[in-house]
Amino acid sequence: MEDTIVAMATAMGEASIHILRLSGSRAEQIIEKCFEPQNRERWSRHENFTLNLGLFRDEDKILDEVLIGRMVAPFSYTGENTYEINCHGGPFVAQRILEACIRHGARLAEPGEFSKRAFLNGKLDLVQAEAVIDLITSRTESSANLALSQLNGGLSRSITKLREDILEILAFIEAGIDFPEDDVETLDRENLEFLINNTLSHCKRLLDGSKTGKILREGLLTVIVGQPNVGKSSLLNALLHEERAIVTDIPGTTRDEIRESVNVGGILLQLVDTAGICESKDVVERLGIERAWKALKSAELILLVVQANLHLTDVEYEILNTYSDKVIVLINKMDLLEKDKDIVPVYEKGFWIPFSVLHGKGFTQLEEEIRRRVYQGESMLSTDPLLSNVRQITSLSNCDSSLKQALESLKIGMPWDIISIDIRLALQFVSEITGHNVQETLLEDIFSRFCIGK
């Protein structure tokens, strides 16, 4: 933290401009040595949040004409004196400026070190820090909005309120330990049960939304499955808007899994097109069918493609019976039907959509059904604070388990100090989410995922 750090904030390469970021206790000293402002009077006023035009020098050598943004501590991203150097976009120019800053006392920043300093200086909590990288890597509008919501503190405020509620429970228990009169203990236990149940309800609301948050962040693992030649690969190509899979009239064209990602209604689908499931003597095709069955087990959504003018097979019924809660049945090739009575009879399991890849029918209904499932009907609003990564969800699940254990101990009459053990564990787990209680190894793991310069 005592070092002054510098790094490229834009990707190295030819561009119209490059930006270098300089932050730390010696940042001002380095800039004063290297920067010759065009308007020295204005520069000497040390105005915050200003852009200043001038020459960037290394001793007597002019390196470039630059614009320097000045952000004075603590009103900067890192909470330190921070300067952003906007230079011309040649990689050689940017590299020379970077080397000049290092020669005058800075060092090259580590991945994510600017954001790590922002966390350590209280400018961000861990949820907001993780939201930074999620925003950079977001691939849909929904995932970007989720990251922005977290970056703006929506989830942090909800987690902080949960933490405060647990602290209140601990304070209540401490009072019970200090004043254990028998005539008030029964009343105190009733109040304590009320406090724990309220906190558990808050936990449950957050955990209920975590599935949606995780899907918005990482995507929905979606497996396309069905008999050979029912239109699975055609569906994949239609969703991707490109000829990704080979389509022929010959059954069994797809032998291996084809994996692609696509944005459907603001939801990122991690698509897996599988081999047609059927009885086969072909060794290669049978291997593909085995992989298809394996993919079904890990799928979060299954698109079961059936042909409209054919009866369901035993295999299709088996998929519906086994995975009914995550199946959407697409009755494809509706254009082959002459009368409504020829439609595959509606089965009591699965959600059915009349479909035609060839004529582009059913895609809107499919999109609406996917969104309904991800957002759990109307129970999840776009403004709700949502946990979205495994670290956050695991910590909150552990917090929830500790609170439930404390409630169970309370109901069977365990002493106050025994109950407090689980409450303290719950406090530890919830504090890990925002970083109120966090180990250095976890910080290193989180911020090492960032790019250099962020």
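What percentage of the contacts in the protein between residues at least 6 apart in sequence join residues at least 24 apart? The value is 65%, where a contact means heavy atoms within 4.5 Å.

This is a predicted model, in which local features need pLDDT of at least 70 and side-chain atom pairs count only at pLDDT 80 or more, while totals for chains, interfaces and linings use all residues. Residues are numbered from 1 along each chain as its sequence is written, and side-chain values use heavy atoms, with hydrogens and water left out.

## Overall composition

The secondary structure of the protein comes to 15 helices and 13 strands. Helices (H or I, at least four residues) and strands (E, at least two) are DSSP runs, numbered from the N terminus. Of the 454 residues of the protein, 49% count as buried; buried means under 20% relative accessible area, exposed over 50%, and partly exposed in between, with a 1.4 Å probe and protein chains only.

## The seven-stranded sheet

An open sheet of 7 strands has the order β3-β4-β5-β6-β2-β1-β7, with mixed pairing. Two strands pair if DSSP finds at least two bridges between them. At the edges stand β3 (35-37) and β7 (107-108), each of which pairs on one side only. Strand β2 (residues 17-23) runs antiparallel to strand β6 (residues 82-88), and 7 bridges join them. S23 has T82 in β6 as its bridge partner.

Helix α1 (residues 27-34) packs on this sheet and touches β2, β3, β4 (50-58), β5 (61-71) and β6. Helix α4 also packs on the sheet, touching β1 (5-8), β2 and β7.

## The six-stranded sheet

A further open sheet, with 6 strands and mixed pairing, has the order β9-β10-β8-β11-β12-β13. Its edge strands, β9 (258-264) and β13 (351-354), have a single partner strand each, so one side of each is left without a neighbour in the sheet. Neighbouring strands of this sheet are turned by 25° against each other on average, direction ignored.

Strand β8 (residues 220-226) and strand β11 (residues 301-307) run parallel and are joined by 5 bridges. V223 stands opposite I302 in β11, and T222 has L301 in β11 as its bridge partner. β11 also pairs with β12 in the parallel sense, over 6 bridges; here L303 stands opposite I328 in β12.

Helix α9 (residues 232-240) packs on the sheet and touches β8, β9, β10 (267-273), β11 and β12 (327-332). Helix α12 (residues 363-374) packs on the sheet as well, touching β8, β9, β10, β11, β12 and β13.

The angles in the table run from 0 to 180 degrees between N-to-C directions, and axes are lines fitted to C-alpha atoms, for helices over the stretch in contact.

| α1 | β3 | about 70° |

β11 is mostly covered, with 7 of its 7 residues buried. In a regular strand the side chains alternate between the two faces of the sheet. From β11, L301, L303, V305 and Q307 point one way and I302, L304 and V306 the other way, and all are buried.

Helix α13 (residues 390-411) contains I393, which is buried with a relative accessible area of 17%. I393 touches L207, S210, K214 and L387, not counting residues up to four places away in sequence. The C-alpha atoms of I393 and G213 are separated by 9.8 Å, although these residues are 180 residues apart along the chain.

α13 packs with helix α14 (residues 416-434) at an angle of about 165°, their axes being 8 Å apart. That makes α13 roughly antiparallel to α14; angles under 35 degrees count as roughly parallel, over 145 as roughly antiparallel, 65 to 115 as roughly perpendicular and the rest as oblique. Among the α13 residues that meet α14 are L396, C399, L403 and L410, and the α14 residues taking part include I419, I423, A426 and F429.

Helix α15 (residues 440-447) has L443, I446 and F447 as its buried residues. Seen down the axis of α15, these residues fall within an arc of 85°, so they line one face of the helix; the arc is that of the directions from the helix axis to the C-beta atoms. The buried residues of α15 pack against α4 (113-120), α5 (126-137) and α13.
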